[in-house]
Amino acid sequence: MAVLPERNSPTVEAIYNKHESGRYPYRPHLGASLIGRECERELWYTFRWCSMNFHSGRILRLFDTGQREEERFVEELRTIGIEVHDQDEETGKQYGFSDFGGHFGGSIDGVALGILEAPKTWHLLEFKTYNDKRFALLKQHGVKQTSPEHYAQMVVYMDYLGLKRAFYLAVNKNTDELYGELLKPDPEFANLLKQKAERILSADRPLTKISDDPEFWKCRFCSHRLVCHEDQPAEVNCRTCLHSEPVEGGWHCMKHNQLLTTEEQLRGCNDHLYIPDLLPGEVVDAGDDHVNYQFNDGTTVRNGRGGMNSKQILIRYGTTNISA
Ligand code: SF4
Ligand code: SF4
């Protein structure tokens with residue numbers, strides 16, 4: 001019997017589409033939630049908007065479920081008498097920090113007083129959801145070993161916000177079992193993470209790869225795998241242009257000598273010239289308004305005046321990157 005193509009309900013598709021509409025493909029700053037990731041090249045690619053990582057409606061709904069769980073955690077903590085502040089009452093925004101000219105930062109889930117293990121100490125709150133398998137590991141090994149990125153994130157937040165404790169609260173999505181862990185500051189590690197952030201923000205070309213093997217498991221799940229290992233040109237926007245630089249409070253275009261809004265960075269312009277490391281080849285010659293390359297596939301490509309603009313190069317050599 002012929003296999004019927006997989007179909008979903010149009011109503012379900014409409015819900016997924018609603019989640020997908022109006023999504024911004026990049027984050028303006030390097031987030032503290034990412035700084036614990038091992039590969040500095042990945043973080044640099046992310047900060048420089050190299051790959052448009054579109055998530056499907058299903059995945060976005062999953063993220064939304066995680067956020068709803070955070071509201072439930074806050075409610076439950078308050079129900080047992082703990083004082084929780086999850087947003088600044090004056091601004092209505094989450095608390096957080098911003099450093100390095102606004103290019104490194106993050107928002108916290110909240111702060112709390114009255115956590116039963118240490119009731120007189122203000123705690124940073126961090127909420128997470130886990131699947132069954134990872135939840136078992138969390139219970140066995142604790143957060144530092146099971147989810148080093150979460151640990152790094154909390155260490156950075158405690159350091160910037162001057163908090164002496166953190167309370168990590170996680171739920172097993174399959175069983176609703178809860179796990180709580182108290183964490184202390186780690187100033188030495190926080191400093192290393194700040195130095196790492198500075199390295200990423202100040203580099204004008206990609207940092208070291210974690211692996212040269214595209215089949216390495218971390219690379220297989222990396223949203224920049226195509227640019228990093230598969231000769232895909234990076235996306236075209238101001239952050240991948242060799243004329244741009246991060247400055248205090250934003251991004252500057254050296255070609256037009258202007259500060260760029262986030263929308264302008266997203267659009268780029270016809271004068272875009274790729275940062276050479278973001279194209280699959282070697283530079284053979286360059287001038288003020290062009291760069292000539294010998295690509296790895298043997299072709300000679302001129303990026304800029306008298307040749308192809310960056311969008312034409314991307315269309316000719318690129319593919320799409322969508323997570324299912
Ligand atoms: S594909 Fe691998 S080496 Fe490349 S950025 Fe991603 S994690 Fe790093
Ligand atoms: S030249 Fe164009 S693409 Fe490049 S940084 Fe300036 S405005 Fe952006």
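User: Quick one to start: of the contacts in the protein with a separation of 6 or more, what share comes from residues 24 or more positions apart?
Analyst: In this predicted model, residues 24 or more positions apart account for 64% of the contacts in the protein with a separation of 6 or more.

User: And what does the secondary structure come to, and how much of the protein is buried?
Analyst: The protein has eleven helices and 16 strands, and of its 324 residues 27% count as buried. Its C-alpha trace spans about 70 × 65 × 40 Å along the principal axes.

User: Switching to the ligands: which residues are closest to ligand 1?
Analyst: Cys39, Lys209, Cys219, Cys222 and Cys228 are the closest, out of 14 residues that surround ligand 1.

User: Which elements give two or more residues to that shell?
Analyst: Those elements are α2, covering residues 40–47, together with α8 at 217–220 and α9 at 225–229. By class, the shell around ligand 1 is made up of six nonpolar, three polar and five charged residues.

User: OK, and what is around ligand 2?
Analyst: The cysteines around ligand 2 are Cys238, Cys241, Cys253 and Cys269, and the histidines there are His243, His256 and His272, while Ser244, Lys255, Gly268 and Asp271 complete the list.

User: How does that shell divide by class?
Analyst: The shell around ligand 2 divides into four nonpolar, five polar and two charged residues.

User: Now the sheets. What is the strand order in the one with β14, and how do the strands pair?
Analyst: That is an open sheet of three strands in the order β13-β14-β15, with antiparallel pairing. Because β13 (281–287) and β15 (300–304) each have a single partner strand, they stand at the edges, and one side of each is left without a neighbour in the sheet. Neighbouring strands of this sheet are turned by 25° against each other on average, direction ignored.

User: How many bridges join β14 to β15?
Analyst: Strand β14, residues 290–295, is joined to β15 by five bridges, and the two run antiparallel.

Definitions and conventions: Residues numbered from 1 in each chain as written. Chains lettered and ligands numbered in written order. Predicted model: local features only at pLDDT ≥ 70, side-chain atom pairs only at ≥ 80, totals over all residues. Helix = DSSP H or I, 4+ residues; strand = E, 2+ residues; numbered from the N terminus. Buried ≥ 20, exposed ≤ 12 C-beta atoms within 10 Å, placed from the backbone. Contact = placed C-beta atoms within 7 Å. Near = placed C-beta within 6 Å. Nonpolar A, V, L, I, M, F, W, Y, C, P; charged D, E, K, R; others polar. Pairing = 2+ DSSP bridges. Axes fitted to C-alpha atoms, helices over the stretch in contact; angles between N-to-C directions.
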